[in-house]
Amino acid sequence: MPPTATAAIIPRVQGATEAVAHALQDLLSNLQAQAGSSLAGLVLFGGLARGRYREGRSDVNVAVLLHSAQASVLQAIAPALSSARRAAAIEAMLITPAEVPLAALDFPTKFLDIQRHHLVLYGSNPFARLHIAPEIVHRRVAQSLRNSLLRLRHRYTSQVNDPVALQRALAAIARPLAIDLAALLQINGHPLPTEDRTAALFSAAAQAFTLDARPLIALAALRDGAADIDADALCQQLLPWLSHLADQVDSTAPGV
């Protein structure tokens, strides 16, 4: 559906290509036409909101805020979401403003990350008012670290003789780990680096929490495309490192 004459004009998003900018504008216009009064807002988050968008590699993440998320509304906006996905890999989280603080309790590190890096394209902004108790963040970070540890053990045993696959598995850990560490920095009152880069977050966390920086340096380099990282050696460093950090987060959680 083409944009309507009364559609709101979204702000220019720094780092967005022309194709992405047009796709976001079309998405908003189509959502307004198809959702009507059920549309509460459209908020950009993720890599593009951080200024870390990589054309052809990054999704464009948006939160579509709906006053009503009943099946009839979802059915109405499905064509707009499908067109946006095809046009510019735009992936939508469909949520009501009232659900945001509740979802933040279940996904605290994700929603803290959205709170730090987002851009309101239209309507309301429930992310700005979020408050998540430190003990909830500690518990979620510890859970995430142990999940990464268990998954890495499994990957190591199944891919120990496939260094390329092992490199991919390690690279996939880097950004989620950086988001976890950023959440720990934030709730413990440590300054976040001005650059939202994985390597910068790793460096800040290593200094703040007296962590061994060596596996973090190698992991950041691997995520940035370094091909000369010894995946087997990195796994041997990272496995006990993750276990130790998970224990440390548990032992320092408020109320422990």
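At what angle do α8 and α9 pack, and how far apart are their axes? In this predicted model, the two helices pack at an angle of about 170°, with axes 9 Å apart. An angle over 145 degrees counts as roughly antiparallel, so α8 is roughly antiparallel to α9.

Who does the touching? On the α8 side you'll find Thr-198, Ala-199, Phe-202 and Ala-206, and they meet Leu-216, Leu-219, Ala-220 and Arg-223 of α9. Sorted by class, this contact has 6 nonpolar residues, 1 polar and 1 charged.

**More about α8**

Helix α8 covers residues 198–208, and its buried residues are Thr-198, Ala-200, Leu-201, Phe-202, Ala-204, Ala-205 and Ala-206. Those buried residues pack against α9 (214–223) and also against α7 (163–187).

After α8 comes Thr-210, which has a positive phi. Thr-210 sits in the loop between α8 and α9, and its phi is about 55° although it is not a glycine. Is Thr-210 buried or exposed? With 73% relative accessibility, Thr-210 counts as exposed.

Ala-89 has a positive phi of about 55° too, and it isn't a glycine either. Ala-89 has a relative accessible area of 26%, so it is partly exposed.

Now go to Arg-223, which lies in helix α9. Arg-223 counts as partly exposed because its relative accessibility is 23%. Which residues does Arg-223 contact, leaving aside neighbours within four places in sequence? They are Arg-52, Arg-54, Ala-171, Ala-174, Arg-175 and Thr-198. For a sense of distance, pick out Ser-37: Arg-223 is 186 residues from Ser-37 in sequence and 42 Å from it in space, C-alpha to C-alpha.

Ile-229 is in the loop between α9 and α10 (231–251). This residue has a relative accessible area of 17%, so Ile-229 is buried. Ile-229 and Gln-167 are 62 residues apart in sequence, yet their C-alpha atoms are 7.9 Å apart in space. Gln-167 is also one of the contacts of Ile-229, along with Ala-218, Ala-221, Leu-222 and Leu-234, when neighbours within four places in sequence are left aside.

Here are the accessibility values gathered in one place.

| Residue | Relative accessible area | Counts as |
|---|---|---|
| Ala-89 | 26% | partly exposed |
| Thr-210 | 73% | exposed |
| Arg-223 | 23% | partly exposed |
| Ile-229 | 17% | buried |

**Two rings and a core**

How many aromatic pairs does the structure hold? There is 1. The partners are Phe-111 and Phe-127, and the pair is tilted, with 6.1 Å from centre to centre and 35° between the planes. The pair links distant parts of the chain: Phe-111 belongs to helix α5 (residues 108–116), while Phe-127 is 16 residues away, in the loop between β4 (118–123) and α6 (134–159). Both of these Phe residues, Phe-111 and Phe-127, are buried.

The two also turn up in the largest nonpolar core, which has 57 residues. Phe-111, Phe-127, Leu-170, Leu-177, Phe-202 and Leu-219 touch the most other members of that core. The largest share of the core comes from α7, with 11 residues. Apart from this core lies another one, of 27 residues, including Leu-39, Tyr-53, Val-60 and Ile-90.

Not counting residues up to four places away in sequence, Phe-127 touches Val-43, Ala-63, Met-93, Val-100, Phe-111, Ile-114, Gln-115 and His-118.

Finally, look at helix α1 (residues 18–35) and α3. Their axes come within 9 Å and cross at roughly 175°, so α1 is roughly antiparallel to α3. The α1 residues in the contact include Ala-19, Val-20, Ala-23 and Leu-27, and those of α3 include Ala-76, Ile-77, Pro-79 and Ala-80. By class, the contact of α1 with α3 has 14 nonpolar residues, 2 polar and no charged ones.

Methods: Residues are numbered from 1 along each chain as its sequence is written. This is a predicted model: local features need pLDDT of at least 70, side-chain atom pairs count only at pLDDT 80 or more; totals for chains, interfaces and linings use all residues. Side-chain values use heavy atoms; hydrogens and water are left out. Buried means under 20% relative accessible area, exposed over 50%, partly exposed in between (1.4 Å probe, protein chains only). Helices (H or I, at least four residues) and strands (E, at least two) are DSSP runs, numbered from the N terminus. Contact means heavy atoms within 4.5 Å. Rings of Phe, Tyr and Trp (its six-membered ring) pair if their centres lie within 6.5 Å; planes under 30 degrees apart count as stacked, over 60 as edge-to-face and the rest as tilted. Axes are lines fitted to C-alpha atoms, for helices over the stretch in contact, and angles run from 0 to 180 degrees between N-to-C directions. Angles under 35 degrees count as roughly parallel, over 145 as roughly antiparallel, 65 to 115 as roughly perpendicular and the rest as oblique. Ala, Val, Leu, Ile, Met, Phe, Trp, Tyr, Cys and Pro count as nonpolar, Asp, Glu, Lys and Arg as charged, and the others, Gly among them, as polar. A nonpolar core is a set of buried Ala, Val, Leu, Ile, Met, Phe, Trp, Tyr and Cys residues joined through side-chain atoms within 4.5 Å.
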